[in-house]
Amino acid sequence: MKHMKLGSKPDVFQTEGSNISRFVATELATDIVISIGDVKFYLHKFPLLSKSSRLQRLVASSNQESDDEVNISDIPGGASAFEICAKFCYGMIVTLNAYNVLAARCAAEYLEMFETIDKGNLIYKIDVFLTSSIFRTWKDSIIVLQSTKSLLPWSENLKVINHCIDSIASKASIDPSEVEWSYTYNRKKLQSKNGVDSHWNGVRMQQMVPKDWWVEDLSELEMDLYKRVLLTIKAKGRTPAVVIGEALRVYAFRWLFGSLEDAVSNGIDCTKRRAVLESIVFLLPTEKGSVSCGFLLKLLNAACLLESGEFYRDNLVKRIGTQLDGASVADLLIPATSAENGVYNVDLIMAIVEQFMSHHSDNGKMTFQDDDEIVEVEKFASVSSTSKLAVAKLVDEYLGEIAKDPNLPVLKFIALAEMVSASSRQMHDELYHAIDMYLKEHPSLSKSEKKRLCGLMDCKKLSQEACMHAVQNERLPLRVVVQVLFFEQVRASAASARSDSGADLSSAVHSLLPRENGNSYGSSRSAATTTTEEEGSGVPTSSDINSFRSMRLANNCGGSERSSTSSDINKNGEDKSTTTGKAKVMLMPKMLSKLWSGKTHVGENSSSDASVSPGSANPEEVKSTPSRNTRQSTS
């Protein structure tokens with residue numbers, strides 16, 4: 001820290017009575033009393049009046065009233081600043097530094113200690129010190145700037161604030177390689193180039209100065225001054241937007257996020273925090289990627305907690321929507337406000353997803369303005385596609401978290417899931433997990449609600465692990481389980497097409513697919529007969545499902561069975577694998593025929609929880625029967 005010493009005489013100021021009375025220990029009797037609040041200075045007129053025009057006028061006025069006491073309680077800096085000026089008048093040693101120089105400068109201005117009164121007066125000496133030392137030093141400029149608030153409006157009128165801001169902004173804008181002064185940087189350890197250790201052959205290598213070297217030092221400023229400094233830095237145009245964004249992030253963690261939820265819940269006045277939030281939103285760089293999506297979501301959460309205006313929340317929602325692919329599920333879990341009946345603020349996330357979908361529209365083009373002309377250019381489709389895939393996965397994982405909320409309406413869950421296009425979901429495992437979690441936490445759903453909920457899921461896009469879980473999931477509607485089994489068997493048959501059992505299975509599945517006339521390949525529609533409700537309803541029984549599940553589990557072990565079939569030939573010349581495959585084929589047509597026969601009769605209840613299965617016949621080709629209990633079935 002820079003400092004300057006003035007005067008040469010020893011300091012003979014003394015204090016009596018708990019700092020209330022101060023005097024100069026000399027043989028000469030004092031002839032003037034300077035009163036500043038509760039503090040009284042017993043001094044001599046001659047050294048003071050020779051340096052201060054204001055004291056000359058005040059003493060002249062007090063002489064007319066026969067009063068030796070002069071009251072200057074309104075002096076900036078108070079008694080401590082006046083004491084510096086008084087010691088200078090006596091020629092005593094005074095040390096000025098970044099902490100007291102501005103108060104002394106404002107007090108000297110108040111006392112009118114100009115060059116016209118005495119050559120080399122205090123104002124002149126302080127101005128030289130400020131210009132030659134303080135404004136050229138990084139940390140001293142920040143310290144002086146911090147002290148300006150308590151000295152307003154004097155510090156503003158003397159242009160000290162402007163000088164400090166310009167000095168700080170100029171230093172923050174230079175090339176980091178030119179930084180030769182100390183600064184604070186505690187956020188992370190610096191690494192040398194290419195990850196090489198800072199010590200090489202016993203000689204310490206010089207570490208590079210990071211681009212954001214200045215952000216921690218400036219985060220100590222209060223928002224009104226910080227805002228002015230940052231605007232000046234941005235105006236100089238030499239600092240990357242990502243560095244500005246990092247500076248705002250560090251400032252937010254310093255002044256906004258700490259204990260915010262506790263402060264709000266305890267009813268503490270958050271006016272200052274709200275002002276900080278609104279200023280940060282105002283200062284955010286417009287360049288995409290200058291701040292992380294996670295930081296923006298933290299700001300949005302703070303805006304909801306502090307009940308900031310809609311302008312700031314809408315601004316954040318739009319910005320987050322442009323880079324939602326960079327968010328995490330934890331960032332999206334914004335608590336609901338007290339006015340909402342739920343755990344999380346789902347409506348806010350839906351607005352963000354809607355903004356993302358609007359920003360990443362499928363028109364493949366984007367527009368911008370250049371020299372007053374609207375220019376349309378092709379977007380990078382691969383980038384947009386990658387972003388959509390990431391957001392689809394993010395939304396599905398978010399659905400899995402909010403599904404645990406017992407107060408989340410099913411329609412809101414479905415609406416959010418449907419906001420993601422089908423092409424963006426390459427796999428439906430996460431969506432299945434979310435649906436399963438919702439069914440678990442909401443057991444009172446109606447059949448129609450379950451049907452619509454499970455209709456979000458495409459069984460063809462489930463992994464083998466998810467299929468195995470779904471087959472044994474008692475919470476899923478029966479027909480959804482059958483769908484999963486069907487597509488898993490189709491996938492298994494395709495994988496083992498070269499084996500006999502795989503060929504038979506594929507043939508059996510193919511025979512069940514409907515022709516144009518509504519009949520299945522390799523089968524004929526039998527005459528209508530009177531059957532029991534279970535047999536003719538077209539819905540597989542529980543025993544069928546259990547048998548089919550057992551068949552699916554056994555099929556997973558088919559590879560090991562087939563490996564030993566060369567030595568297991570039965571008496572009729574058939575190996576065990578062929579026999580097992582035929583048993584599977586016989587069971588699968590029996591159950592799936594029940595499934596699709598239910599698609600062809602008219603009397604099916606519309607409130608059934610079954611979802612549409614693959615290969616169903618055209619509804620216009622369905623034949624009706626006069627009896628509700630008499631149905632046609634595919635044999």
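Predicted model: local features only at pLDDT ≥ 70, side-chain atom pairs only at ≥ 80, totals over all residues.
I took a salt bridge to be a side-chain nitrogen of Lys or Arg within 4 Å of a carboxyl oxygen of Asp or Glu.

**Entry 1, a pair in a helix.** I began with Lys-87 and Glu-83, whose closest N and O atoms are 3.2 Å apart, so they form a salt bridge. Both residues sit in helix α3 (residues 78–90), four residues apart, about one turn of the helix. I then checked burial: Lys-87 has a relative accessible area of 13% and is buried, and Glu-83 is buried too, at 16%.

I counted 19 salt bridges in the structure. One of them joins Glu-69 and Lys-40 at 2.8 Å, N to O. Glu-69 belongs to strand β6 (residues 69–71) and Lys-40 to strand β5 (residues 39–43), 29 residues apart. I found Glu-69 partly exposed at 33% and Lys-40 partly exposed at 27%.

Next I looked up Asp-347 and Lys-412, which meet in a salt bridge at 3.2 Å. Asp-347 lies in helix α17 and Lys-412 in helix α19, so this pair ties together parts 65 residues apart in sequence.

I got 13 aromatic pairs. Among them, Trp-181 and Trp-213 are edge-to-face, 5.8 Å centre to centre with 65° between the planes. Which of the two is buried? I have Trp-213 as buried at 0% relative accessibility, while Trp-181 is partly exposed at 25%.

Note on methods. Residues numbered from 1 in each chain as written. Heavy atoms only, no water. Phe/Tyr/Trp six-rings, centres within 6.5 Å; stacked < 30°, edge-to-face > 60°. Buried < 20%, exposed > 50% of the residue type's maximum accessible area, 1.4 Å probe, protein only. Helix = DSSP H or I, 4+ residues; strand = E, 2+ residues; numbered from the N terminus.
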